[in-house]
Amino acid sequence: MSNEKIIQEIKELYEKYIIKDVDEFCVDDYNKFEEEIWLLKEKYQLKDSPFLLLPEPAREADYEMMNASNDGLVEPEIKDKAIYLEKMKISYSKI
Amino acid sequence: MARNLELDALKQREQVAFQRKQTAFQKYKDAKDRASVAYDIMQTAWVERSSAREKMNREFETMQRASDNYCEVWDRYKYIRDCNNSRIESLRYEADREHEMMKNCFDQASAAYEYGSKSEAPIYATKGHEHKERRNELNEEVKILIREIQEAKASAQYRAPKTDSSAFHRAKDYFESVKSRHEIAQAEFKRLKAERDSLKAEFDSAQEEHVRLKTEFQKRLEEIKANKKRERDKILDKAGVRWSERGDAKIVKKVDGTTQIYHGGFGKGDGFGHGHTALDQFGNKTYDRGAFEEHGCQNFVNDDPLKSYPGRGQWGELRHGWIDDHAVTWCEGVGANVGQTLICDGHVDRVYFDSHHDHYGPDAKYRSGNRIEDITDLMGRKKYYSGPGK
C-alpha cells in the first residue's frame, strides 16, 4: 500500500467528478465522488475514514453541500454548486 | 394552531386604536389638570375680588355716611344762619330807625331848650333816651344772633369736617387690581377649558373607534371560534371520539395532511393512557386505539401495505413505517453514510421525502465528534420529524 497511490487515486476522483464547470456538475457527481472516496477505505484497508485525507476546505464544502442537496437527494441550486466547486478546487490544489 | 391573518390584522387595528385612545386620554387628562389648576387660580382670584369688592363697598358706605352727616350738619347751620341773618337785617333796620328817632328827639329837646318852651325839653330828652335804649337793645339782640351763627358754624366745623374719600379710593384701586387679575385668570381658564373640551371630544371619538374595533374583533373571534369548534366537532365526529373524551381531546394536524387525535388520557387528552385516532388527508380513519388499550397492528383501520422506494446516492431503500403510533418514512445510510438515518413524519412519497427529512447520526466521514444533525442544524436546516427520539 502506498500513500502516494491513494493520493493519486483521490486526485483522479477529484478530476473525474469535481474539477468541472458548474454547468456540468450535478448531484450524482457529488454522490459518486463520496461513494468512491469511501470505497478507498476497503480497497486500501484504511483504519480511518479516507475523507480525512481530503485537504481543507473539503470538509466544510461537504457539510454545505449536504444541506444544499438535502443529503445528496436533490439537485442543489447553481450558486450552491459554485460555492462547493470553488472550495473543492482549493482542496484539490493542495493535494 | 395556525394564526388567522384577518384576526391578527383586526387585533392590530384594535391595539393601534387602543394606543390612540390612551394617547388621547393622556392629552385630555393633562388638559383637564391644567384647566383644574387654572380654575383654582380663577376661584382664588374671585374670592380676592369679592373680598376687595366688599371692602370697597364698606368704604363707600362709610364715605357716604360721612357725606350725609356733613350735609345734615351744614344744612342745619345754613338754616340757622339764614334765619338769623333775616332777623338781623330786620333788627338793624329797626335799630337804625330808633337811632334816627333818638337823634330827632334830642334835636327837638335842644331846640325847645334854646328857642321855645323850656318845659318841653325834658320830655323830648326822655323820649330820646327811650329810643336810644331801644336802639341799644336791638343792637344787643343782633350781636346775640351773630354769635349764634358763629357758634353754629364752629359746631358744624367740629361735627362735620370735610369728607375724606381716600380710603374708598384705595379700596377701589385695589378692587380694580384684583378684578383685572380675576379677569385674566378667567380668560386663561376659559381658554384651557375650551382646549380640554376639544381634547375630550378627541378622546371620546378615539374611545368610540376603539370600542367599535374591539367589538368587531370580538365578533370575528367568536365567528372563528365557532368555525373552529364546528371543524373540531367534525373531526371528532369522523374520528368517532366519545362525548366524554371530547372536551380534552387534542387534535394535531401534520404536514403530511394526516390528522392525529389524542383522547381519554389522564388529566388531558394526550395524558397517560390516552387513546389515539388518526385520519388521513381525506378524513378517513386509518388508526384507532381507545384509551388504555394496547398498541399494535390491530389498531390500524385500513392497514394499507407500507410502501418502499429504491435507494439513492449513499442511502438505502426508502420505507414507510411506524414508531409506536407515529407514522414515519425513513432510510438508512450506506457507504460513506453508514450508521446514519434520514426520517420524516408520515407516510410520504419519494419526491416529498427528498426535500423534507431530518438527518441523524454520527459524523463518520470526518470524525468531528459532532452529530450530523447538530452540524446541519447549525447551518439552518428545518425539522420534519416530531416523533419519539427526535
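**Salt bridges and the A–B contact**

Q: What is the relative accessible area of B:Glu317?
A: B:Glu317 has a relative accessible area of 40%, so it is partly exposed; buried means under 20%, exposed over 50% and partly exposed in between, with a 1.4 Å probe and protein chains only. This is a predicted model, in which local features need pLDDT of at least 70 and side-chain atom pairs count only at pLDDT 80 or more, while totals for chains, interfaces and linings use all residues. Residues are numbered from 1 along each chain as its sequence is written, chains are lettered from A and ligands numbered from 1 in the order written, and side-chain values use heavy atoms, leaving out hydrogens and water.

Q: Which side chain does B:Glu317 meet in a salt bridge?
A: That is B:Arg319, at 3.9 Å from N to O, where a salt bridge requires a side-chain nitrogen of Lys or Arg within 4 Å of a carboxyl oxygen of Asp or Glu. B:Arg319 is partly exposed as well, at 29% relative accessibility.

Q: And B:Lys11, what does it pair with?
A: B:Lys11 forms a salt bridge with B:Glu14, their closest N and O atoms being 3.4 Å apart. The two are 3 residues apart in helix 1 of chain B, and are therefore separated by about one helical turn; helices here are DSSP runs of H or I with at least four residues, strands are runs of E with at least two, and both are numbered from the N terminus.

Q: Is B:Glu14 buried or exposed?
A: B:Glu14 counts as buried, at 8% relative accessibility, whereas B:Lys11 is partly exposed at 29%.

Q: Changing topic, how much area do chain A and chain B bury between them?
A: They bury about 2,100 Å², 56% of it on carbon and sulfur atoms, counted as the accessible area (1.4 Å probe) that the two parts lose on being put together, summed over both. Of the area that chain A buries against chain B, A:Tyr63, A:Asp71 and A:Leu73 supply 33%, more than any other three residues.

Q: How many residues does each chain put into the contact?
A: Chain A gives 21 residues and chain B gives 25, contact being heavy atoms within 4.5 Å.

Q: How many salt bridges are there between the chains?
A: The count is 3. B:Lys365 forms a salt bridge with A:Glu34, the closest N and O atoms being 2.2 Å apart. Helix 2 (27-43) and helix 3 (58-68) of chain A each supply at least two residues of the side of chain A that touches chain B, and helix 3 gives the largest share, 7 residues.
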